[in-house]
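Work through the exercises below with the sequence and the model open. Try each task before reading its solution.

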Amino acid sequence: MSDALYVRFQGTVRSPRGHFPGVFALANGLARAGQLSDEEHRFWRAGNDWFNANFANPSEVDPSVYDPELNPGAVAWFKAASLELIARVDGYLKILAPHEVACERIESSDPGKIIYEDLDQVVVIPWAHDGAEPLE
C-alpha cells in the first residue's frame, strides 16, 4: 500500500452529473439494466447485501450528502486502512470487466473537502471543484 489515506474505485467516463461513478454505481447500473448473468447477479446481490449490513451508507446517515447543489461533485472514498472492504471490491471489478465497463483504482492523501466521515470511508467534494465539472 502507498502512503495514500484514501482509495476509490471509479469509472473512467464521467456520468451526466459530471463525476466519475464509483464501482458500486457502475455494477448497480448493469443490474438495473438486466445485463448481469445469473451468476453475476447472485454475486452482486450477495455483495450488496454484505456491504449494506457491514458498511454505513452515507446518504442514509445524511440524506443531503450527495445533493448536487449543496455538495457538488461529492464522491465516496474508502479509508485505505479498510482492507476487508477494499478486498471485496475485486468481485465487482470481475463483473464490470466482461461488460467492458472500465474502472480504475485511484489513491489520494487529500481527495477533497470531507463532508462525511465514518470508520471506513469519507465523502468529499473534490478540491478542484469550482461549480464546473469536478476534477479528480
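**Exercise 1: helices H1 and H5**

Helix H1 and helix H5 (residues 89-96) pack with their axes 10 Å apart, at an angle of about 45 degrees. The model is predicted, so local features need pLDDT of at least 70 and side-chain atom pairs count only at pLDDT 80 or more, while totals for chains, interfaces and linings use all residues. Residues are numbered from 1 along each chain as its sequence is written, and side-chain values use heavy atoms, with hydrogens and water left out.

Task: classify the packing of H1 and H5, and list the residues that meet.

Solution.
Step 1. Helices (H or I, at least four residues) and strands (E, at least two) are DSSP runs, numbered from the N terminus. Axes are lines fitted to C-alpha atoms, for helices over the stretch in contact, and angles run from 0 to 180 degrees between N-to-C directions.
Step 2. Angles under 35 degrees count as roughly parallel, over 145 as roughly antiparallel, 65 to 115 as roughly perpendicular and the rest as oblique. The angle of about 45 degrees therefore makes H1 oblique to H5.
Step 3. Contact means heavy atoms within 4.5 Å. From H1, Val-23, Phe-24, Leu-26, Ala-27 and Leu-30 meet Val-89, Tyr-92, Leu-93, Ile-95 and Leu-96 of H5.
Step 4. Ala, Val, Leu, Ile, Met, Phe, Trp, Tyr, Cys and Pro count as nonpolar, Asp, Glu, Lys and Arg as charged, and the others, Gly among them, as polar. The contact of H1 with H5 has 10 nonpolar, no polar and no charged residues.

**Exercise 2: helices H2 and H5**

Task: state how H2 and H5 are oriented to each other, and which residues make the contact.

Solution.
Step 1. The axes of H2 and H5 come within 10 Å and cross at roughly 150 degrees.
Step 2. H2 and H5 are therefore roughly antiparallel.
Step 3. H2 contributes Glu-40, Phe-43, Trp-44, Gly-47, Asn-48 and Phe-51, and H5 contributes Gly-91, Tyr-92 and Ile-95.
Step 4. Sorted by class, this contact of H2 with H5 has five nonpolar, three polar and one charged residues.

**Exercise 3: helices H1 and H2**

Task: decide how H1 and H2 are oriented, and find the residues that meet.

Solution.
Step 1. The axes of H1 and H2 lie 11 Å apart, at an angle of about 135 degrees.
Step 2. H1 and H2 are therefore oblique to each other.
Step 3. Phe-24, Ala-27, Asn-28 and Ala-31 of H1 meet Trp-44, Asn-48 and Phe-51 of H2.
Step 4. The classes in the contact of H1 with H2 are five nonpolar, two polar and no charged residues.
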